[in-house]
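Biologist: I have the model open beside its sequence. Could you take me through it?

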Amino acid sequence: MDPSLDTWDFSSPLISLWINRFYIYLGFAFGISLWICFQIVIRKQLFIFKDKNSKDKSVPKATRDLMTNGYISLQKKDILVSGVKIFYGSQTGTAKGFAASLAEAVTSLGLPVAVINLQEYDPDDHLVEEVTSKNVCAFVVATYTDGRPTESAEWFCKWLEEASSDFRFGKTYLKGMRYAVFGLGNSAYANHFNKVGKNVDKWLWMLGAHRVVARGEGDCDVVKSKHGSIEADFRVWKTKFISRLQALRKGERKPCGGNCKKGQCESSAEEEPFESTSEEESGTEDQQNLNSVVDVEDLGKIMNCVKKEKREKEHQEEKSTLVRNAVKGEASERRAMITPALREALTKQGYQLIGSHSGVKLCRWTKSMLRGRGGCYKHTFYGIESHRCMETTPSLACANKCVFCWRHHTNPVGTEWRWKMDQPEMILKEAIENHQSMIKQFKGVPGVREDRFEEGMMVKHCALSLVGEPIMYPEINRFLKLLHECKISSFLVTNAQFPVEIRNLKPVTQLYVSVDASTKDSLKKIDRPLFKDFWQRFLNSLKALAAKQQRTVYRLTLVKAWNVDELQAYAELVTLGNPDFIEVKGVTYCGESSASSLTMANVPWHEEVVHFVRELVALIPNYEIACEHEHSNCLLIAHTRFKIDGEWWTWIDYNRFQELVQEYEDSGGLANFSAKDYVAKTPLWALFGASERGFDPKDTRYQRKNKSKDISGC
């Protein structure tokens with residue numbers, strides 16, 4: 001054995017590696033070779049794929065669709081708009097009608113559409129579904145009293161408001177949802193104009209939803225409406241919405257189609273998150289950006305924002321200038337009060353419309369007295385011949401939206417005269433002609449008395465109480481003068497919101513002021529006035545009434561559960577205005593109306609009205625109950641100065657009034673006269689407590705069949 005081998009220890013691992021080093025080198029070389037080959041194959045495949053894509057882009061899409069078998073394969077087209085959901089919140093039905101109109105327009109595009117009442121929709125469960133549904137959601141919402149949402153939209157708005165400020169939802173809760181808003185309101189309520197529409201728009205944006213078209217604002221005030229009426233406002237917005245919908249279906253991200261320079265255009269402002277409803281949020285974010293550290297690379301973006309804000313400011317200033325110029329030219333280009341839609345609605349209700357802001361209508365008591373079936377309470381209280389009374393108004397507009405409005409708020413509202421004005425001569429002429437035309441229709445009708453028919457063709461009285469606020473008409477004094485020249489007595493009703501006009505009013509046969517409530521809160525609830533200072537105007541109107549020399553009347557309308565418990569406050573108002581007479585009448589229920597929550601439960605029985613009157617008289621000295629008209633659910637309280645020698649003289653000597661008012665005009669207003677100068681004795685049957693209960697015994701009372709008891713106010 002070789003002694004040299006004995007010196008090596010072959011059990012050592014290092015010695016084994018050294019002896020087999022050739023095989024180790026060979027393994028490393030083989031692995032590296034495999035990795036290099038793998039990389040070469042991968043890069044080659046990637047190159048082929050890119051080359052194929054570049055070739056595909058250079059050929060038409062139809063050619064790319066060709067398959068190896070020679071047939072065209074129809075690729076599944078991406079659905080960009082799957083449908084439209086239209087949500088509405090309506091009180092009077094206008095928003096509901098607009099929603100239906102919008103649905104028709106969307107259907108014409110071949111898109112599925114759903115019209116949803118917000119009252120029947122649960123946003124907590126379903127609104128988030130619109131993030132991924134690819135629907136476009138349109139909201140048509142009206143603003144109700146005091147800027148509140150309608151009853152049907154109340155819960156939805158409450159939920160949306162809370163969600164928008166709840167950190168648990170976050171600013172991306174509705175990200176991906178697309179929406180548009182059209183609001184309905186009346187700019188006469190300046191503080192609350194379209195408040196609900198603005199809020200819905202803002203809250204949706206705050207939750208991350210994307211506005212696809214600028215918010216539309218419909219205005220019931222035809223004077224301030226941008227397009228002449230709320231219907232026209234909606235049509236313009238609807239056209240924009242449909243156009244935008246078509247663009248979205250084509251995949252256009254901007255209203256302009258993306259063809260504008262650098263992707264910027266005026267129309268793109270419609271998609272800006274800070275559009276008119278979110279000024280506060282915009283300002284907050286901008287302030288945060290300015291206060292933070294700015295990277296040099298971001299300077300370009302900041303400068304673009306500054307330039308954009310400057311352009312928007314200049315645009316706003318230009319718009320303001322146009323508005324001011326429009327206001328200056330308003331006097332020469334005023335709009336008509338009666339819009340086509342209003343004309344249609346009022347005509348259906350039996351109005352004979354006159355010119356651009358007046359109307360006349362035949363009272364049911366006129367028809368009743370033509371048939372010898374009795375006259376209205378004015379016949380009982382003041383001796384009016386109901387069949388010779390013309391009910392008209394020179395102004396269909398009003399400054400209130402009373403809950404018991406018997407026209408269901410179809411008439412326009414406003415705080416001042418901003419419409420075209422017709423001349424009083426034309427109004428009176430056409431009013432008499434239209435009234436006579438309606439009377440003629442009763443010729444030959446069974447039951448109509450021939451003598452009453454002939455008398456009815458000669459108008460003797462004019463009740464300026466049809467609807468609206470007659471005293472708003474700028475030429476009301478000329479109109480009254482024309483009435484008196486025609487020997488027609490005047491009974492003018494005002495809602496106690498125009499004290500200056502009451503003071504400037506020339507003598508009328510009898511001037512009424514509606515006292516629908518005796519406290520500020522209840523008046524706001526019942527009359528829903530437009531004026532901010534409505535209560536002070538109300539009090540000033542009563543003071544102005546106290547200064548009048550001719551006959552004055554408070555007209556109280558009792559609404560059970562609303563204003564029948566304010567006796568002491570009513571007594572104080574009587575002291576303020578010192579009226580000659582106080583008419584107390586139970587509210588008349590004119591049927592269900594979405595514009596009012598009034599029901600038959602709010603109508604007091606006649607016995608309840610009598611009880612109220614007795615309690616009120618006990619609180620006001622020098623006043624007593626004089627007359628009663630049970631059928632109208634009405635009583636008359638008169639000042640004791642009209643009780644002469646123990647007998648009531650509440651009726652009017654109409655011939656004597658015409659003589660006195662003529663002397664007043666001839667003297668230039670110097671020969672004034674008082675209410676007691678043209679009184680007439682009240683007949684016994686009209687007095688409170690008489691067995692006739694205010695029904696004229698010359699006529700025959702007509703009882704409806706299957707009616708065991710008269711319902712108050714009917």
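This is a predicted model: local features need pLDDT of at least 70, side-chain atom pairs count only at pLDDT 80 or more; totals for chains, interfaces and linings use all residues.

Biologist: How many residues does the protein have, and what percentage count as buried?

Modeller: The protein has 714 residues, of which 47% count as buried.

Biologist: And what share of the contacts with a separation of 6 or more is between residues 24 or more positions apart?

Modeller: Such pairs account for 75% of those contacts.

Biologist: Let us turn to the nonpolar core. How many residues are in the largest one, and which have the most contacts inside it?

Modeller: The largest nonpolar core holds 83 residues. Those with the most contacts inside it are Val515, Phe538, Leu556, Ile582, Val584 and Ile637.

Biologist: What is isoleucine 637 in contact with, leaving aside neighbours within four places in sequence?

Modeller: Its partners include Asp580, Phe581, Ile582 and Val584. Also among them are Val613, Leu616, Val617, Ile620, Tyr623, Glu624 and Ile625.

Biologist: New topic: how do the axes of H6 and H7 cross?

Modeller: The axes of helix H6 (residues 154–164) and helix H7 (residues 195–206) come within 9 Å and cross at roughly 40°. That angle makes H6 oblique to H7. The crossing of the two helices is left-handed.

Biologist: Which residues meet there?

Modeller: From H6, Cys157, Leu160, Glu161 and Ser164 meet Val196, Val200, Trp203, Leu204 and Met206 of H7. The residues of this contact divide into seven nonpolar, one polar and one charged.

Biologist: Now the loop between strand S4 and H7: what is the phi of asparagine 194 there?

Modeller: Asparagine 194 lies in that loop, S4 being residues 178–185. Its phi is near 50°, a positive value in a residue other than glycine. Most residues other than glycine have a negative phi.

Biologist: Is asparagine 194 buried or exposed?

Modeller: Asparagine 194 counts as buried, because its relative accessibility is 1%.

Biologist: Where does asparagine 622 lie, and what is its phi?

Modeller: Asparagine 622 lies in the loop between helix H21 (606–617) and strand S15 (623–629). Although it is not a glycine, asparagine 622 has a positive phi of about 70°.

Biologist: And what is its relative accessibility?

Modeller: The value for asparagine 622 is 48%, so it counts as partly exposed.

Methods
Residues are numbered from 1 along each chain as its sequence is written. Side-chain values use heavy atoms; hydrogens and water are left out. Axes are lines fitted to C-alpha atoms, for helices over the stretch in contact, and angles run from 0 to 180 degrees between N-to-C directions. Helices (H or I, at least four residues) and strands (E, at least two) are DSSP runs, numbered from the N terminus. Angles under 35 degrees count as roughly parallel, over 145 as roughly antiparallel, 65 to 115 as roughly perpendicular and the rest as oblique. A crossing is left-handed if the near helix is turned anticlockwise from the far one by less than a right angle, and right-handed if clockwise. Contact means heavy atoms within 4.5 Å. Ala, Val, Leu, Ile, Met, Phe, Trp, Tyr, Cys and Pro count as nonpolar, Asp, Glu, Lys and Arg as charged, and the others, Gly among them, as polar. A nonpolar core is a set of buried Ala, Val, Leu, Ile, Met, Phe, Trp, Tyr and Cys residues joined through side-chain atoms within 4.5 Å. Buried means under 20% relative accessible area, exposed over 50%, partly exposed in between (1.4 Å probe, protein chains only).
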